Amino acid sequence: MSTPTAIGFDMGATTTKTGVVKDGKIILRGEVIETRQDGDTAALIDAFIQEIRRLKATYPEVHAVGFGVPGIINPVEGVVVNLTNVKGWHNIPLRSIITEKTGLICNLENDAKAMAYAEWKHGAGQSAPNLVCVTLGTGVGGALILNGRLHRGATWVAGEIGQMSIDYAGVDWVYGNKGALEAYVGHHQISARAKQVYKKAGKNLSDEEAHPDHLIKAAEAGDELADKVWADIGLKIGVGLTNVIWLVNPDRIVIGGGVANAGERLFGYIRQTVRARCEETFWKKLEIVPATLHNDAGIIGPATLALESEFRQGVKGRAL
């Protein structure tokens with residue numbers, strides 16, 4: 001009996017990455033598809049279908065395809081409700097279209113939830129029945145595994161940790177929740193904070209010098225101001241995660257995304273904050289660790305869910 005094999009689509013605002021996944025590993029990387037910004041959803045979906053057919057020709061055992069989508073989806077109906085950063089994607093029945101055109105089982109999931117599922121099944125979250133996943137990049141995404149099950153919430157949008165407030169009177173943010181975590185620890189916000197810290201010390205940073213990647217190297221080289229920036233960011237992330245810890249009491253927290261490349265320096269400040277703000281019962285067995293699948297999680301997660309999700313759609317047009 002062959003090992004279940006699926007295709008995963010990691011759909012982003014500018015490009016969509018694809019691959020064939022078996023046993024939680026990418027065994028073939030597909031073409032990178034430009035995510036069209038002209039609102040022509042039919043043309044983009046056709047590009048998806050052509051890539052599915054091409055990949056299946058190489059791996060005929062593929063019998064499912066999963067999409068990680070950067071926006072709001074209805075996993076029950078298999079509908080993309082809205083993509084805020086891609087024009088034209090409103091109430092698109094992507095699952096039924098893909099199944100009809102390819103004959104494959106299909107599943108849709110929010111991209112952050114799909115990446116969390118990948119880390120839970122095949123990465124840093126393995127064996128943890130209660131898991132919190134956070135992605136730190138331009139924005140802050142999140143997802144929850146509770147009692148061994150992906151937690152989606154009443155309207156399928158649970159886990160938006162980046163929108164939780166760490167200051168009820170803080171800065172205004174995109175969805176109206178003042179002081180949202182994302183408003184302080186996103187990629188651009190870290191650069192802005194670095195410029196503030198250095199300017200106060202009498203030094204002006206260029207955009208390149210204020211980039212998180214440069215700040216990581218500067219801290220590793222002994223730059224005390226860069227370390228001060230990471231201490232501040234670790235405090236803010238730690239405060240946000242403390243709220244989650246008090247609420248769901250997880251076994252493990254997995255942190256990924258580009259900002260997480262700051263490594264143990266950042267993780268140390270996060271753990272320090274959590275321990276200062278939580279009762280010991282909550283943190284004494286808690287693990288806060290970096291993600292291990294990195295960018296591959298965006299392909300592995302959707303493919304894995306295409307094989308396992310309760311909302312998969314089969315070739316006869318029914319949920320499996």
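Let me begin with three rings: Phe 9, Phe 48 and Phe 67 together make up one aromatic cluster. Before I go further, please keep in mind that this is a predicted model, in which local features need pLDDT of at least 70 and side-chain atom pairs count only at pLDDT 80 or more, while totals for chains, interfaces and linings use all residues. Residues are numbered from 1 along each chain as its sequence is written, and side-chain values use heavy atoms, with hydrogens and water left out.

A search of the whole structure turns up six aromatic pairs; rings of Phe, Tyr and Trp (its six-membered ring) pair if their centres lie within 6.5 Å, and planes under 30 degrees apart count as stacked, over 60 as edge-to-face and the rest as tilted. One of them is the edge-to-face pair of Phe 9 and Phe 48, with 5.3 Å from centre to centre and 65° between the planes. This pair ties together distant parts of the chain, since Phe 9 belongs to strand 1 (residues 5-11) and Phe 48 to helix 1 (residues 41-58), 39 residues apart. When I say helix or strand, I mean DSSP runs numbered from the N terminus, with helices being H or I of at least four residues and strands being E of at least two.

Phe 48 and Phe 67 also pair, this time tilted, at 5.6 Å centre to centre and 50° between the planes. Here too distant parts of the chain are linked, with Phe 48 in helix 1 and Phe 67 in strand 5 (residues 64-69), 19 residues apart.

Staying with Phe 67, its contacts, leaving out residues up to four places away in sequence, include Phe 9, Phe 48, Ile 52, Leu 94 and Pro 302, where contact means heavy atoms within 4.5 Å.

Two packed helices are described by the angle between their axes and the distance between the axes. The axes of helix 3 (residues 111-122) and helix 10 (residues 297-308) come within 7 Å and cross at roughly 80°, which means that helix 3 is roughly perpendicular to helix 10. Axes are lines fitted to C-alpha atoms, for helices over the stretch in contact, and angles run from 0 to 180 degrees between N-to-C directions; those under 35 degrees count as roughly parallel, over 145 as roughly antiparallel, 65 to 115 as roughly perpendicular and the rest as oblique. The contact involves, among others, Ala 114, Tyr 117 and Lys 121 of helix 3, together with Ile 300, Pro 302 and Leu 305 of helix 10.

Now to the nonpolar cores, each a set of buried Ala, Val, Leu, Ile, Met, Phe, Trp, Tyr and Cys residues joined through side-chain atoms within 4.5 Å. Which residues touch the most other members of the largest nonpolar core? Among its 42 residues, they are Trp 230 and Ile 255. Elements that each supply at least two residues of this core include strand 10 (131-136), helix 7 (224-248) and helix 8 (264-277), and the largest share, nine residues, comes from helix 7. Apart from this core lies another, of 26 residues, among them Met 11, Leu 55, Ile 73 and Val 80.

Thr 273 lies in helix 8 and, at 7% relative accessibility, counts as buried. Beyond residues up to four places away in sequence, Thr 273 touches Gly 234, Leu 235, Gly 238, Val 239 and Thr 242.

I will finish with two loop residues. Ser 127, in the loop between helix 3 and strand 10, has a positive phi near 75° despite being a residue other than glycine, and counts as exposed because its relative accessibility is 68%. His 294, in the loop between strand 14 (287-290) and helix 10, likewise has a positive phi, near 55°, and is exposed, with a relative accessible area of 55%.

How values were computed:
Buried < 20%, exposed > 50% of the residue type's maximum accessible area, 1.4 Å probe, protein only.
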